[in-house]
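Here is a friendly note to read alongside the structure. Keep the 3D view open and take the points one at a time.

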Amino acid sequence: MKRYGFTIGLIGSFLLSGVAHYVGAPVFNSTVQFIIAAIAIIFVAGFLGKATESVAHYAGERLGGFLNATFGNAAELIIAIFLVKDGLFEVVKASITGSIIGNMLLVLGLSVLLGGLKYKEQHFNIKLAGHNASLMLLAVIALFVPATFARSFTTHETANLSVIVSVILIVAYLLWLFFSMVTHKNELADEVVEQGEAAWSKGTSILFLVVATAMVAFDSEWLVSTLESFSHQYGLSELFVGAFLIAIVGNAAEHSAAVMMARKNKMGAAVEIAIGSSLQISLFVAPLLVLLSLIFGNTMDLVFSNFEIVAIAVAAFIAKSISQDGSTNWFEGVLLLVVYLILGIAFFLV
Amino acid sequence: MKRYGFTIGLIGSFLLSGVAHYVGAPVFNSTVQFIIAAIAIIFVAGFLGKATESVAHYAGERLGGFLNATFGNAAELIIAIFLVKDGLFEVVKASITGSIIGNMLLVLGLSVLLGGLKYKEQHFNIKLAGHNASLMLLAVIALFVPATFARSFTTHETANLSVIVSVILIVAYLLWLFFSMVTHKNELADEVVEQGEAAWSKGTSILFLVVATAMVAFDSEWLVSTLESFSHQYGLSELFVGAFLIAIVGNAAEHSAAVMMARKNKMGAAVEIAIGSSLQISLFVAPLLVLLSLIFGNTMDLVFSNFEIVAIAVAAFIAKSISQDGSTNWFEGVLLLVVYLILGIAFFLV
Amino acid sequence: MKRYGFTIGLIGSFLLSGVAHYVGAPVFNSTVQFIIAAIAIIFVAGFLGKATESVAHYAGERLGGFLNATFGNAAELIIAIFLVKDGLFEVVKASITGSIIGNMLLVLGLSVLLGGLKYKEQHFNIKLAGHNASLMLLAVIALFVPATFARSFTTHETANLSVIVSVILIVAYLLWLFFSMVTHKNELADEVVEQGEAAWSKGTSILFLVVATAMVAFDSEWLVSTLESFSHQYGLSELFVGAFLIAIVGNAAEHSAAVMMARKNKMGAAVEIAIGSSLQISLFVAPLLVLLSLIFGNTMDLVFSNFEIVAIAVAAFIAKSISQDGSTNWFEGVLLLVVYLILGIAFFLV
């Protein structure tokens with residue numbers, strides 16, 4: 001009974017949101033579009049969380065988390081490619097920054113806080129935590145070094161450095177996948193994989209994961225398009241909108257899935273979604289965009305603004321400090337959210 | 001017999017120091033005032049250490065350490081409020097900086113060194129160490145973000161950011177107290193609470209802790225007032241005097257108590273006094289002063305100078321690196337003191 | 001049979017390289033000199049690795065590693081003294097930087113990678129890892145503080161700060177030796193010392209270690225002298241040549257010995273050679289050069305360039321993050337090498 005109601009709400013709100021987006025004003029003004037899209041995203045995010053959980057049941061916590069993170073970032077990658085093609089590099093960098101800190105601070109923080117309100121202490125594989133920390137540091141280094149050296153470089157040298165560093169990061173990320181999924185898979189797995197009930201069969205679960213991610217992707221875009229008219233209306237800066245509003249909506253998939261995993265005491269999956277997604281963006285999506293820009297004939301460099309580098313470095317350090325013992329509690333969630341709040345206010349005031 | 005001698009020395013030197021302060025020159029010149037106040041502070045610090053130990057006997061190492069740190073900072077808070085009222089923001093910030101690095105490097109360093117000369121290895125709760133490290137990082141972030149963004153802000157925006165960040169830090173600190181004293185009290189307690197003998201009953205111990213802290217507070221102020229005439233005489237900068245001389249004298253309470261705890265192998269209490277006091281200043285006292293300045297009508301911002309931020313960040317990182325394994329030895333004390341010495345010389349030369 | 005062939009190759013190539021160096025052009029042009037010296041260095045590095053291993057057999061992994069690191073740095077110290085005497089401070093600082101990051105990233109990275117391809121996971125004493133991390137942080141602080149404060153200092157004040165900090169660092173390093181070799185020797189030893197066969201007796205092993213180090217030292221210098229004409233020919237900057245080419249060749253001793261140790265699963269010795277050598281350079285060799293420059297009448301300061309400080313800080317942070325759990329695997333080797341590569345490219349483009 002409950003399931004039928006959910007299915008109707010899911011499909012109904014999604015279709016209505018799409019109609020509202022394409023018909024547009026004057027039938028659906030941006031406020032109405034926003035409300036419909038927001039309701040729809042609650043339904044599709046719920047669907048996605050369920051699908052992720054079911055895939056994690058068959059594939060293990062980490063692989064389930066990885067698939068969730070990847071599908072979530074695929075949507076963001078597609079949007080970013082169009083922005084790169086149009087040469088809107090600053091917007092792309094702002095949204096990359098927002099996505100990294102949104103995952104490391106907001107998604108992880110909410111998961112840790114809400115999981116921690118239910119369980120006194122939650123655990124995940126400590127070796128994975130250590131490797132995540134080292135990879136986060138690599139991501140910070142890969143942004144910090146070009147920004148430092150670019151001050152004494154020509155535009156051409158900066159572009160060269162960015163392209164070479166991008167290739168190196170992508171190779172490193174692929175080696176990390178090979179390491180964590182093949183050669184040291186068992187060492188990085190969560191110790192106890194609780195066998196809960198699965199909602200669907202293995203094949204259906206994966207299909208639903210793909211479908212749910214696609215629905216989130218479309219609905220996110222519809223919501224983002226209304227946000228822009230909102231931000232102009234309220235005089236918000238492009239940096240703030242790109243790094244916070246769009247990132248929050250764009251990470252709805254990671255949000256709902258990670259929180260749901262944390263509430264089921266599957267902290268390994270929640271961490272993989274949040275941190276794993278951040279790492280994927282900084283070590284794979286961002287460098288890939290640099291290489292694609294090369295093909296489009298106008299190279300995007302890896303030189304982020306001081307504000308962006310500070311935000312990413314701060315997020316990486318606090319996430320590293322909190323996750324490195326392989327256990328979390330509600331107060332650590334508070335700490336992550338507090339840092340997100342401080343950064344958000346600073347960016348809002350810029 | 002020994003106890004009577006101590007009591008006479010304590011009361012006598014304290015009263016004489018007060019008389020010397022209020023009568024002043026020409027009866028007591030500043031050199032004589034300084035010597036009397038210094039002798040008195042040795043006695044009252046000894047008394048305070050004894051009272052802290054006795055309270056810790058009844059309340060546990062951490063709570064005893066927390067009470068010591070709080071009473072110690074209460075005195076500093078009162079002095080700072082008067083400075084804020086007079087608009088002497090730079091002096092306040094210098095003394096906040098000095099107090100943070102003094103506790104994290106000098107108090108902790110001396111405790112670890114002197115404790116380590118007696119015991120080969122000393123231990124304290126590793127979970128507490130991890131949380132302390134994350135909170136120290138939050139403190140650094142809370143100073144670093146306003147300083148970075150303030151460069152492109154108007155004075156008004158900087159004041160706004162400072163006030164909002166201050167409110168967030170105070171809320172975070174109160175949640176930390178709730179977390180560490182209520183919801184996760186047992187997880188953060190030291191594993192073995194050695195039941196030594198208590199010098200006094202529970203009520204007397206707390207009373208003496210309050211009395212001893214008040215005596216230290218008064219005597220510190222008397223000593224500080226002589227230091228100022230000294231510093232003018234020897235041509236020392238305001239920054240150096242505020243960040244080092246005043247901080248060393250002002251932290252006499254934490255000093256004596258922490259070292260005494262370390263020598264009795266109660267490292268948990270020593271760490272709580274040193275690190276806990278630093279955290280209280282950066283996450284509670286400093287933001288509270290910003291909010292109070294708002295009431296006085298002239299907002300103090302949270303923008304510290306580059307030198308101050310570097311000093312605090314450096315202190316936090318080395319203290320984090322040394323304390324995060326939950327065990328200490330004499331060489332780690334040397335490392336903390338070495339960093340304090342380097343910073344002290346750099347500030348002296350500015 | 002194999003051993004005789006090696007001995008002939010070792011002595012023959014070394015002597016030929018010496019002859020080529022002193023006879024020089026037109027009989028031996030720089031390309032021929034380079035090839036002969038490179039062949040010789042492979043032989044002498046192999047000899048040194050064997051001698052280190054044999055000493056480690058008698059003295060334990062750590063002491064063996066320490067002796068290797070010290071003999072290796074002795075050669076670099078001698079070369080640097082001549083440069084300091086000639087007032088070539090920038091070249092000295094570049095080669096100090098290169099030696100520190102070369103050991104922490106390239107030598108450690110190769111050891112961890114090549115050891116990790118043979119063993120799934122390699123372990124070393126976790127307490128040693130923690131102390132190494134704290135000492136690395138001290139090294140970064142000792143470079144960072146003078147550089148930050150020097151901006152508002154006169155040349156004279158900067159020189160004073162550099163000399164005082166140098167004395168402090170040397171004292172700290174000597175106390176570290178006393179701590180790790182005397183008072184806490186057992187706590188820092190590797191848990192299992194595998195008793196392999198020793199190639200030679202104890203006395204012969206130490207003699208061969210000294211002889212092999214001297215041979216490496218000479219041959220490195222011969223190789224370095226050819227590198228300089230190379231670098232002019234290919235238009236490489238002094239910074240890149242000093243920080244990368246010379247450092248790679250100059251650390252040949254550490255390289256071969258550390259990798260050999262890693263391949264024999266003696267990770268404790270490999271880490272001691274790589275990290276221990278870096279620490280010795282930053283906490284002992286560099287400050288000693290400052291003090292020696294004082295004697296020569298023209299004080300070298302401790303103010304490194306922004307690029308150099310970023311490189312050293314980045315290297316220290318990633319090495320700390322990777323080594324602090326006391327275990328390594330092939331991917332962690334990749335991470336270290338990736339960071340070295342990024343820095344190398346950035347310095348090459350400057």
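This is a predicted model: local features need pLDDT of at least 70, side-chain atom pairs count only at pLDDT 80 or more; totals for chains, interfaces and linings use all residues.

1. Now turn to the contact of chain C with chain B. How many residues does each chain give to it? Chain C gives 23 residues, and chain B gives 23 residues. On the side of chain C that touches chain B, the elements giving two or more residues are helix 5 (126-150) and helix 6 (155-183) of chain C. The residues on that side of chain C comprise 16 nonpolar, 6 polar and 1 charged.

2. How are the chains placed relative to one another? Two copies of a chain are related by a rotation about an axis and a shift along it. Chain C is superposed on chain B by a rotation of 120° with 0.0 Å of shift along its axis, at an RMSD of 0.1 Å. This is the relation of a three-fold axis. For chain B on chain A, the superposition also takes a rotation of 120° with 0.0 Å of shift along its axis, and the RMSD is 0.0 Å.

3. Next, look inside chain A, at helix 5 (residues 126-150) and helix 6 (residues 155-183). Their axes are 10 Å apart, and the two helices pack at an angle of about 175°. Helix 5 and helix 6 of chain A are therefore roughly antiparallel to each other. From helix 5 of chain A, the residues in this contact include A:Leu135, A:Leu138 and A:Phe149, while helix 6 of chain A brings residues including A:Leu161, A:Val165 and A:Trp176. By class, the contact has 11 nonpolar, 2 polar and no charged residues.

4. In chain B, find helix 4 (residues 89-118) and helix 9 (residues 238-250), whose axes lie 8 Å apart at an angle of about 50°. That makes helix 4 of chain B oblique to helix 9 of chain B. Their crossing is right-handed. Among the residues that meet here are B:Gly98, B:Gly102 and B:Leu106 of helix 4 of chain B, with B:Gly242, B:Phe244 and B:Ile246 of helix 9 of chain B. This contact has 9 nonpolar, 7 polar and 1 charged residues.

5. Helix 4 of chain B has another partner to check. Is helix 10 (residues 252-263) of chain B roughly parallel or roughly antiparallel to helix 4 of chain B? The axes come within 8 Å and cross at roughly 25°. Helix 4 and helix 10 of chain B are therefore roughly parallel to each other. This crossing is right-handed. Helix 4 of chain B contributes residues including B:Asn103, B:Val107 and B:Lys118, and helix 10 of chain B contributes residues including B:Glu254, B:His255 and B:Arg263. The classes in this contact are 7 nonpolar, 4 polar and 3 charged residues.

6. Finally, a point from a record. In an unreviewed entry, UniProt places the feature "domain: Sodium/calcium exchanger membrane region" at residues 30-181 and 205-343 of chain A. In the model, residues 205-343 of chain A are 83% helix and 1% strand. The end C-alpha atoms of that span of chain A lie 37 Å apart.

Terms used: Residues are numbered from 1 along each chain as its sequence is written. Chains are lettered from A and ligands numbered from 1 in the order in which they are written. Axes are lines fitted to C-alpha atoms, for helices over the stretch in contact, and angles run from 0 to 180 degrees between N-to-C directions. Helices (H or I, at least four residues) and strands (E, at least two) are DSSP runs, numbered from the N terminus. Angles under 35 degrees count as roughly parallel, over 145 as roughly antiparallel, 65 to 115 as roughly perpendicular and the rest as oblique. A crossing is left-handed if the near helix is turned anticlockwise from the far one by less than a right angle, and right-handed if clockwise. Two residues are in contact if their C-beta atoms, placed from the backbone, lie within 7 Å. Ala, Val, Leu, Ile, Met, Phe, Trp, Tyr, Cys and Pro count as nonpolar, Asp, Glu, Lys and Arg as charged, and the others, Gly among them, as polar. UniProt positions are given in the numbering used here, feature names are shortened, and annotations may be inferred rather than shown by experiment. Copies are superposed by least squares on the C-alpha atoms of residues with pLDDT of at least 70 in both.
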